[in-house]
Amino acid sequence: MTIKKTITGNQGVKNKSFEFKVAVNGGQGELYKVVVKKNANAQALTEYITSNEAETSYQISDTGSITIYGLTESDKYTVTETDANKDGYTTTIDGETTATGTKTGTTKEDGTVVQYVNEKDAAVVTLSLIHISEPTRRR
C-alpha cells in the first residue's frame with residue numbers, strides 16, 4: 001500500500017510538510033515494514049509498525065510517499081492527513097473532496113494506492129498601465 005502526496009496551485013508550497021497518521025488492522029501481531037520518503041528526492045527511511053496498535057505519524061511533502069509492505073488482501077487501514085483543508089489548501093483524496101482528511105479501506109495485496117492532493121490557489125490580478133501623454137502645445 002502506498003500513500004502519495006501532491007501539492008498543486010499557484011500558491012502551493014512544494015516543500016511544506018503535511019502530517020499523516022496511519023493505522024493498520026490485520027492479523028494479530030503482524031509486523032509491517034514502512035518506507036517513508038519525505039519527497040521524491042529524499043533518502044528513504046524505514047520503520048516497522050505492528051497490526052492493531054496505535055496509529056503512527058509521518059511527515060511528507062510534495063512527491064512524498066509512505067509505503068507499507070507485508071499487507072494481505074483483507075487488512076484494513078485508516079490514513080488521516082491532520083493538516084487537511086488548513087492554511088488555504090483544499091484537500092482531495094483519490095480525486096474526492098474531503099472534510100476530515102481521513103481515508104479508510106481494505107487493502108488489495110500491497111497494491112492499494114491512496115493519493116492525497118493539496119491545492120492552494122489565489123486569484124491572479126493583472127494590471128495594465130496606460131500612458132497618456134499631454135497634447136503638444138503650440139507656441
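# Reading the core, the pairs and the strands

Guide: Of the 22 residues in the largest nonpolar core, those that touch the most other members are Met 1, Ile 3, Phe 20, Ile 66, Ile 68 and Val 79. Please keep in mind from the start that this is a predicted model.

Visitor: Which strands supply at least two residues of this core?

Guide: The general idea is that, in soluble globular proteins, nonpolar side chains tend to be buried together. Here, at least two residues of the core come from each of S1, S2, strand S3 (31-37), strand S5 (56-60), strand S6 (65-69), S7 and strand S11 (113-119). With four residues, S2 gives the most to this core.

Visitor: How many aromatic pairs does the structure hold, and how should I read one?

Guide: A pair of aromatic rings is described by the distance of the centres and the angle of the planes. The structure holds two such pairs. In one of them, the ring centres of Phe 18 and Tyr 89 are 5.4 Å apart and the planes stand at 90 degrees, so this pair is edge-to-face. Since Phe 18 belongs to strand S2 and Tyr 89 to the loop between S7 and S8, the pair ties together parts that are 71 residues apart in sequence. Phe 18 is buried, with a relative accessible area of 0%, and Tyr 89 also counts as buried, at 4% relative accessibility.

Visitor: What is the arrangement of the rings of Phe 20 and Tyr 116?

Guide: The centres of these two rings, Phe 20 and Tyr 116, lie 4.9 Å apart with the planes at 85 degrees, so the pair is edge-to-face. Phe 20 is in strand S2 and Tyr 116 in strand S11, 96 residues apart, so that distant parts of the chain are linked. Phe 20 and Tyr 116 are both buried, and Phe 20 is also among the core residues that touch the most other members.

Visitor: How many salt bridges are there, and what should I look for in each?

Guide: Side chains of opposite charge can pair when their charged atoms come close. The count comes to four salt bridges. In one of them, the side chains of Lys 5 and Glu 81 meet at 2.8 Å, taken from N to O. This pair joins distant parts of the chain, with Lys 5 in strand S1 (residues 2-8) and Glu 81 in strand S7 (residues 76-81), 76 residues apart.

Visitor: Are Lys 5 and Glu 81 buried or exposed?

Guide: Lys 5 counts as buried because its relative accessibility is 2%, and Glu 81 counts as buried at 1%. The cut-off that this step needs is that buried means under 20% relative accessible area.

Visitor: Where in the chain are Asp 87 and Lys 16?

Guide: The side chains of Asp 87 and Lys 16 meet in a salt bridge of 3.3 Å, N to O. Asp 87 is in the loop between S7 and strand S8 (90-93), while Lys 16 is in the loop between S1 and strand S2 (18-25), 71 residues apart. Asp 87 counts as exposed, at 53% relative accessibility, whereas Lys 16 is partly exposed, with a relative accessible area of 23%.

Visitor: What forms a salt bridge with Lys 103?

Guide: The partner of Lys 103 is Asp 94, and their closest N and O atoms are 3.1 Å apart. Asp 94 is partly exposed, with a relative accessible area of 35%, and Lys 103 is partly exposed as well, at 24%. Asp 94 also sits in the turn of the hairpin that S8 and S9 form with two residues between them, where Asp 94 has a positive phi of about 50 degrees.

Visitor: How do the strands pair around S8, and which residue in S11 is the bridge partner of Thr 92?

Guide: To read a strand pairing, follow the direction of the two strands and then the partners. S8 and S11 pair in the antiparallel sense over four bridges, and the partner of Thr 92 in S11 is Val 117. S8 is also joined by two bridges to strand S9 (residues 96-97), again running antiparallel, with Glu 96 in S9 as the bridge partner of Ile 93.

Visitor: Which residues does Thr 2 contact, leaving aside neighbours within four places in sequence?

Guide: Thr 2, found in strand S1, is in contact with Ser 65, Ile 66, Thr 67, Thr 112, Val 113 and Val 114 once those neighbours are left aside. The side chains of Thr 2 and Thr 67 make a polar contact of 3.2 Å. Thr 2 and Thr 112 are 110 residues apart in sequence, yet 6.3 Å apart in space, C-alpha to C-alpha.

Methods. Residues are numbered from 1 along each chain as its sequence is written. This is a predicted model: local features need pLDDT of at least 70, side-chain atom pairs count only at pLDDT 80 or more; totals for chains, interfaces and linings use all residues. Side-chain values use heavy atoms; hydrogens and water are left out. Buried means under 20% relative accessible area, exposed over 50%, partly exposed in between (1.4 Å probe, protein chains only). A nonpolar core is a set of buried Ala, Val, Leu, Ile, Met, Phe, Trp, Tyr and Cys residues joined through side-chain atoms within 4.5 Å. Contact means heavy atoms within 4.5 Å. A polar contact is a pair of N or O atoms within 3.5 Å; within protein, one must be able to donate a hydrogen and the other to accept it, and residues adjacent in sequence count only if both atoms are side-chain atoms. Two strands pair if DSSP finds at least two bridges between them. Rings of Phe, Tyr and Trp (its six-membered ring) pair if their centres lie within 6.5 Å; planes under 30 degrees apart count as stacked, over 60 as edge-to-face and the rest as tilted.
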